[in-house]
Amino acid sequence: MTKGAALHQFFSGFGMDAYAASAVPADAVFPYLTHDLVTDSFDNGEVSLTVNLWFYTESEAIPNAKADEISKAIGMGGHLIECDGGYIWLKRGSPFAQSLKDDTAPNIKRRYLNISAEYFTTD
């Protein structure tokens, strides 16, 4: 599985539609998440990925709970996902989650997640 496919599979595992940040369809339905595709290879250090969680709700608890779910899935020591040529080590970035709002629609809630990825891959 390619690096991009492995990342997409991981981010699709949280009960929400997941889209590459550059490929959100016009008819996307809340809730959904978007993720960046940033790749690298062995011994180049960590790269930063951004995940955005999008909700249409009056509640702050719902987006906060989903951010917590992703945080727990990554864990304190990170989470390894397998891909072609090796593994991707996902870790929580700092700050991990930030709350953002949409000034044009107050019921659109967004959580901006910082995730670090270290690539242990041959290419």
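**Close-up views of a predicted model**

**View 1. Aromatic pairs, starting with F10 and F11.** Searching the whole structure turns up seven aromatic pairs. Here, rings of Phe, Tyr and Trp (its six-membered ring) pair if their centres lie within 6.5 Å, and planes under 30 degrees apart count as stacked, over 60 as edge-to-face and the rest as tilted. One of the pairs is F10 with F11, edge-to-face at 5.2 Å centre to centre with 75° between the planes. F10 is buried at 12% relative accessible area, and F11 is buried too, at 1%. Buried means under 20% relative accessible area, exposed over 50%, and partly exposed in between (1.4 Å probe, protein chains only). A word on the model: it's predicted, so local features need pLDDT of at least 70 and side-chain atom pairs count only at pLDDT 80 or more, while totals for chains, interfaces and linings use all residues. Residues are numbered from 1 along each chain as its sequence is written, and side-chain values use heavy atoms, with hydrogens and water left out.

**View 2. Y19 meets Y32.** With ring centres 5.7 Å apart and planes at 70°, Y19 and Y32 make an edge-to-face pair. This pair links distant parts of the chain: Y19 sits in strand β1 (residues 17–20) and Y32 in strand β2, 13 residues apart. Strands (E, at least two residues) and helices (H or I, at least four) are DSSP runs, numbered from the N terminus.

**View 3. T50 and its contacts.** T50 is part of strand β3 and is buried, with a relative accessible area of 12%. Leaving out residues up to four places away in sequence, T50 touches T34, H35, D36, Y112 and L113; contact means heavy atoms within 4.5 Å.

**View 4. M76 in a loop.** M76 lies in the loop between α2 (61–74) and β4 (79–83). M76 is exposed, with a relative accessible area of 79%. From M76 to R92 is 16 residues in sequence, but 7.8 Å in space, C-alpha to C-alpha.

**View 5. K91 over W89.** K91 lies over the face of W89, 3.8 Å from the ring centre. To count, NZ of Lys or CZ of Arg must be within 6 Å of the ring centre and within 35 degrees of the ring normal.
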